[in-house]
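Good morning, everyone, and thank you for making time for this. Please take a moment with the sequence and the structure before I start talking through them.

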Amino acid sequence: MDGKDFLHKYGWALIIAVTAVVVLLGWFLSLVFSGKFLVSPVLVNFGPFQIRWYGLLIASAILLAYFIARSQALKEGVNEDHLIEALLWGVVAGVVGARLYYVAFNWGYYSEYPQDIFKIWQGGLAIHGGIFGAIISTFIYTRFRKGVTFNFLQGLDIFTSALPLAQAIGRWGNFFNYEAYGSPTSVPWKMYVPPSHRMPGYENFEYFHPTFLYESLWDLATFLVVFTYHRKFRKRFGETAALYFVMYSAGRFAIESLRLDSLYAGEFRVAQLVSAILMTVGAFLLFALRKWGKPVRRKELQRSEEMVK
């Protein structure tokens, strides 16, 4: 049964199921945002060990992104072993990059408490550092792995075609940790933050912008646009990655202005500076690659898709 047959047969059931999930999620969020129900960052305790929502959501996001990237990579003739190797190295480099980025811009604290540098379970991972780490890892892998079946820009395209969906899921880890929220507000969708999780200087405020939700929704929209572009409109390698840089960075730049926990370089928010640079670079690359980049050979992709089927 192909996708069209499935939708024809089970379409109404799927619509009802999705609607029910949305309604239940909305009801749950209304309880949490109003302060009537407090969430816990811990899902399960096993003696001294814990399974936290943040870790579970990040792991789930990585797996889902892998399967989406896998379907695209196989259609482009990429060897699955190479994809898995690149993913594993990319995850490691991403975590290391995210932590180093965060530590670098909080060096005043970590220079005094260097033992805390390795305590990533206490929080402190910056997504921009993770993205840069994964990009560097992809470049090194495609440069030195013998017989690799994809080039650097192609790898970035596959990676970024699924990345924003993973980011959209991962942001919900911030929800369970009561972090990555914005300034105090009285908007109807304001989010209650318990006193123990309020930023210094904001102890007397109860409700804040749910910026984690803003970014999750923007990441989801980015995924839909970038994934569709990758499948139907990409003509040259690197275009998908360039479009991702533009779209994600535009949303992050706007949302960051509301955040209370931004990293700063002097008087400037680091995330906004990086986002502005990535938007500019992405727009230039999208134009340049569209004109002069290495073409994606559609006939070969069609043959690969037939082989996958």
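Predicted model: local features only at pLDDT ≥ 70, side-chain atom pairs only at ≥ 80, totals over all residues.

Let me begin with the helix pair. Two packed helices are described by the angle between their axes and the distance between the axes. Here, helix α2, covering residues 53-75, and helix α3, covering residues 80-104, have axes that come within 11 Å and cross at roughly 145 degrees, and the crossing in which α2 passes α3 is right-handed. On the α2 side the contact is made by I62, Y66, A69, R70, A73 and L74, which meet E80, L83, I84, L87 and V91 of α3.

Now to the salt bridges, of which the structure holds 11. One of them joins E76 to R234, with the closest N and O atoms 2.5 Å apart, and this pair links distant parts of the chain, since E76 sits in the loop between α2 and α3 while R234 sits in the loop between α7 and α8, 158 residues apart. Both partners, E76 and R234, are buried.

Is R259 buried or exposed? R259 counts as buried because its relative accessibility is 11%, with the cut-off for buried being under 20%, whereas D261, at 28%, counts as partly exposed. Through shared partners, salt bridges join R171, E215, R252, E256, R259 and D261 into one network.

Finally, the aromatic pairs, of which there are 24. F33 and F212 form an edge-to-face pair, 6.4 Å from centre to centre and with 85 degrees between the planes; F33 belongs to helix α1 and F212 to helix α7, 179 residues apart, and both are buried. The rings of F139 and F152 are also edge-to-face, because their planes stand at 85 degrees, with the centres 5.4 Å apart. F139 lies in helix α5 and F152 in helix α6, so this pair ties together parts that are 13 residues apart in sequence. F139 counts as partly exposed at 42% relative accessibility, and F152 counts as partly exposed at 24%.

To close, ring pairs link F28, F33, F37, W53, W172, F175, F176 and F212 into a cluster.

Note on methods
Residues numbered from 1 in each chain as written. Heavy atoms only, no water. Axes fitted to C-alpha atoms, helices over the stretch in contact; angles between N-to-C directions. Helix = DSSP H or I, 4+ residues; strand = E, 2+ residues; numbered from the N terminus. Left-handed = near helix turned anticlockwise from the far one by under 90°. Contact = heavy atoms within 4.5 Å. Salt bridge = Lys/Arg side-chain N within 4 Å of Asp/Glu carboxyl O. Buried < 20%, exposed > 50% of the residue type's maximum accessible area, 1.4 Å probe, protein only. Phe/Tyr/Trp six-rings, centres within 6.5 Å; stacked < 30°, edge-to-face > 60°.
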